[in-house]
Amino acid sequence: MNLAFDPATERARFAARLEFLTRQAALRLDLAEGITFQPETLESVEDQIVETLWAEGISPESASLEDLAEARSAFAALTPRREPGGQSIVATLFLGFPDEVRHARLAALHGFPDDLRLELSDGKVAVPTVDRGTAGPEDRLPSVLALRYLIPDGLSIAALVSNHPEVQGRWPAPAAWDSWPS
């Protein structure tokens, strides 16, 4: 099936996604200009799968099992999951800067993703495992990274904390984070 751009279809798709987009906006933290921390949920992962299929010209309703499996495997790393002792959750870190400052900003933020800790309700912190894709630890920082955290059973997230010299701060957990693991 070859999908063509149709303004009415696109408006309908946007309207159907509006509640989801509102929930995602409530989860998001803008840490500084060009730096966004976006928690991933089962719903956001499913939305990315559907949007990827649409971008490839495939109607999600008529996608083959092979296409669905391929799309699901591409986003499996972002899916929340139970692990022994807690809930494993992911946030996507977006680093978007204008061309003229991108290289310098990414260089200055090199260790930043590893420093984004979640302060837990007991005062301890959850340290991220950072997925840099194919970039090695000394390579230029990618502009999109996945950060996975393990939240021990019985604890909640109080805040996001960074002590990195370029972006320091403590951002209290939005109320929407109570539903983040789902």
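Biologist: How many bridges join strand E4 to strand E8, and do they run parallel or antiparallel?

Modeller: Strand E4 (residues 86-95) and strand E8 (residues 144-152) are joined by 9 bridges and run antiparallel. Strands here are DSSP runs of E with at least two residues, helices are runs of H or I with at least four residues, and both are numbered from the N terminus. Two strands pair if DSSP finds at least two bridges between them. This is a predicted model, where local features need pLDDT of at least 70 and side-chain atom pairs count only at pLDDT 80 or more, while totals for chains, interfaces and linings use all residues. Residues are numbered from 1 along each chain as its sequence is written, and side-chain values use heavy atoms, with hydrogens and water left out.

Biologist: Which residue in E8 is the bridge partner of Gly-86?

Modeller: The bridge partner of Gly-86 in E8 is Pro-152. E8 also pairs with strand E7 (residues 129-131) in the antiparallel sense, over 3 bridges, and there Val-130 stands opposite Leu-147 of E8.

Biologist: And what holds paired strands together in general?

Modeller: Strands of a sheet pair through backbone hydrogen bonds, either parallel or antiparallel.

Biologist: Back to E4, then: is Ala-91 buried or exposed?

Modeller: Ala-91, which has its place in strand E4, is buried, because its relative accessible area is 0%. Buried means under 20% relative accessible area, exposed means over 50%, and partly exposed is in between, with a 1.4 Å probe and protein chains only.

Biologist: What does Ala-91 touch?

Modeller: Leaving aside residues up to four places away in sequence, Ala-91 touches Phe-37, Gln-38, Pro-39, Glu-40, Leu-145, Ala-146, Leu-147 and Trp-180, where a contact means heavy atoms within 4.5 Å. By contrast, Ala-91 and Leu-53 are 38 residues apart in sequence and 22 Å apart in space, C-alpha to C-alpha.

Biologist: New topic: what is the order of the strands in the open sheet?

Modeller: The open sheet has 4 strands in the order E6-E5-E9-E10, and the pairing is antiparallel. Strand E6 (125-126) and strand E10 (167-172) stand at the edges with a single partner strand each, so one side of each is left without a neighbour in the sheet.

Biologist: What about E5 and E9, over how many bridges do they pair?

Modeller: E5 and E9 pair over 4 bridges in the antiparallel sense, and Glu-119 has Ala-159 in E9 as its bridge partner.

Biologist: Where is Glu-166 found?

Modeller: Glu-166 is in the loop between strand E9 (157-164) and E10, and it counts as partly exposed because its relative accessibility is 41%. Beyond residues up to four places away in sequence, Glu-166 touches Arg-105, Ala-108 and Leu-109.

Biologist: Now a helix: where does Gln-24 lie, and what does it touch?

Modeller: Gln-24 lies in helix H1 (residues 7-27), and at 8% relative accessibility it counts as buried. Not counting residues up to four places away in sequence, Gln-24 touches Gln-38, Pro-39, Thr-41 and Ser-44.

Biologist: Last one, the whole protein: how many helices and strands are there?

Modeller: The protein has 5 helices and 10 strands. The radius of gyration is 18 Å, close to the 16 Å that the globule rule gives for 182 residues, so the protein is as compact as a globular protein of that length. That radius is taken over C-alpha atoms, and the globule rule is 2.2 Å times the number of residues to the power 0.38. Buried residues make up 38% of the 182 residues.
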